[in-house]
Amino acid sequence: IETEHLLESNKRAEVPKRNWNVVIFFILLVISGIINNLAGRWVQRKFGDNYAFFNAQFTTLLYTIIAQIVTTYKYYFTPDITPEMKAFPKLKFALFGFLDGLSSFLYSIGAPNTPATLQNILNQAIIPLTMLASVKILSARYKWPKVLGATIIMIGAGVALIPTLMSRTTGDSAPTHWYGIVIYFSNNIPGALSNVLKELAFANLVIDVYYLGSWVAWFQLASSLLFLPIINLPMFGGVPFRQIPQQMYNGWRCFLGINSLVGDNCAYTWIPTLAYVAINFVYNVFILLVTKHGSATLFCMAFAIRLPLTQIAYCIHFIMMEYTEPFTIFSVVALAVVLIGFGLYSYTGADKEDQGVASEAASERAVFLGAPNSSMASQAVLPTSVVETIPIRSRP
């Protein structure tokens, strides 16, 4: 009896400790998410239009190396990666890598000329787009509160576009082109498709997130070669194919802090770049910890807090310096509308008709760590049956 009483006392003592751990993870998730977005915007603006493609590939490579180190350790020295995981068809990893690579490519081309405050809003279109893909591919059905929430999010994104379409420059003096914004917005389409296909592929298999992330990231890097001809087009950079090697070399020089072309601003570029990759990895780890020890709803709460704080931080000169953006009445209205839509979608109770969207218990089983893509890091994430995608593609 005394032994049972002692065990019961120990269990009661562990509960407050677990609760405090979740609180700490939650706070660190919010902070790291904000810093991740800010560092990502600094990297976008330092590399600029000239080296946008290099930026996307180089940050992905750095993140992939970090993830591969963790995966290699787990593969050889822990039982975490099971034979079932190892037997998973690599062609499916290749498909995910292609979609994430396409999303990263569109993001990197459109981001330099899309205001950061607008990016933050446009990224939320991942929710209605993923819902649409779920309906088409998974035959999912959603009750009206979730559909209404997704619709409100799209309306908020439309409101955010108004001042940008009325002006020819962004708040941080970057040129704005309508096609750049369209390209940036379109990165959500392959991202949403990737979300749904991952859910379909892992319906009956829980897979280690680092193992999955490493394979997908390597395929993402390889698939980027398929997009090289596209950057010949004026809207996508207009770089002649023969000049691509030189552009990549100049991008490396920019990382080192050396200007190569007129208009370059490469001084100390290596600092925000390395900081971005490091904080992106840490941010993904806290997502794992919050989802594992807390819940998917708690992650949604962290996102809801982070979104307005990030919007405000973009407008503080002390933080963003020459990349500071104005916080207009349109920004306030768009942010409020998006948060209302996000809250309605996220906190509407699940029901039997919400097929294709998992319960919290299922969503806690795994979280996918993708290679850096700042838009993904700013996106609200739809819990799927086994995988929650948090593309660092932790797309600020």
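This is a predicted model: local features need pLDDT of at least 70, side-chain atom pairs count only at pLDDT 80 or more; totals for chains, interfaces and linings use all residues.

Visitor: How many helices and strands are in the protein chain?

Guide: The chain has 17 helices and two strands. Of its 396 residues, 55% count as buried. Its accessible surface is about 17300 Å², and carbon and sulfur atoms account for 70% of that.

Visitor: What span should helix H9 have, and how far apart are its end C-alpha atoms?

Guide: The expected span is 1.5 Å times one less than the number of residues. Helix H9 covers residues 188-201, 14 residues, so it should span 20 Å. Its end C-alpha atoms are 20 Å apart, which agrees.

Visitor: How many residues of H9 are buried?

Guide: Buried means under 20% relative accessible area. In H9, 10 of the 14 residues are buried, so the helix is largely enclosed by the rest of the structure. Among them are Asn188, Pro190, Gly191, Lys198 and Glu199.

Visitor: Which residues form the nonpolar patch on the surface?

Guide: Ile305, Leu309, Ile312, Ile316, Phe318, Ile319, Phe327, Ile329, Val332 and Val333 form it, with about 870 Å² of accessible area together. At least two patch residues come from each of helix H13 (296-313), helix H14 (317-320) and helix H15 (329-346).

Visitor: Where does Ile316 lie, and why does it count as partly exposed?

Guide: Ile316 lies in the loop between H13 and H14. Partly exposed is the range between buried, under 20%, and exposed, over 50%. Ile316 counts as partly exposed because its relative accessibility is 33%.

Terms used
Residues are numbered from 1 along each chain as its sequence is written. Side-chain values use heavy atoms; hydrogens and water are left out. Patches are made of residues with over 30% relative accessible area and no salt bridge: like charges are joined within 9 Å, nonpolar side chains (Val, Leu, Ile, Met, Phe, Trp, Tyr) within 5 Å. Accessible areas come from the Shrake-Rupley method with a 1.4 Å probe; for residues, only the protein chains shown count as cover. A salt bridge is a side-chain nitrogen of Lys or Arg within 4 Å of a carboxyl oxygen of Asp or Glu. Helices (H or I, at least four residues) and strands (E, at least two) are DSSP runs, numbered from the N terminus. Buried means under 20% relative accessible area, exposed over 50%, partly exposed in between (1.4 Å probe, protein chains only).
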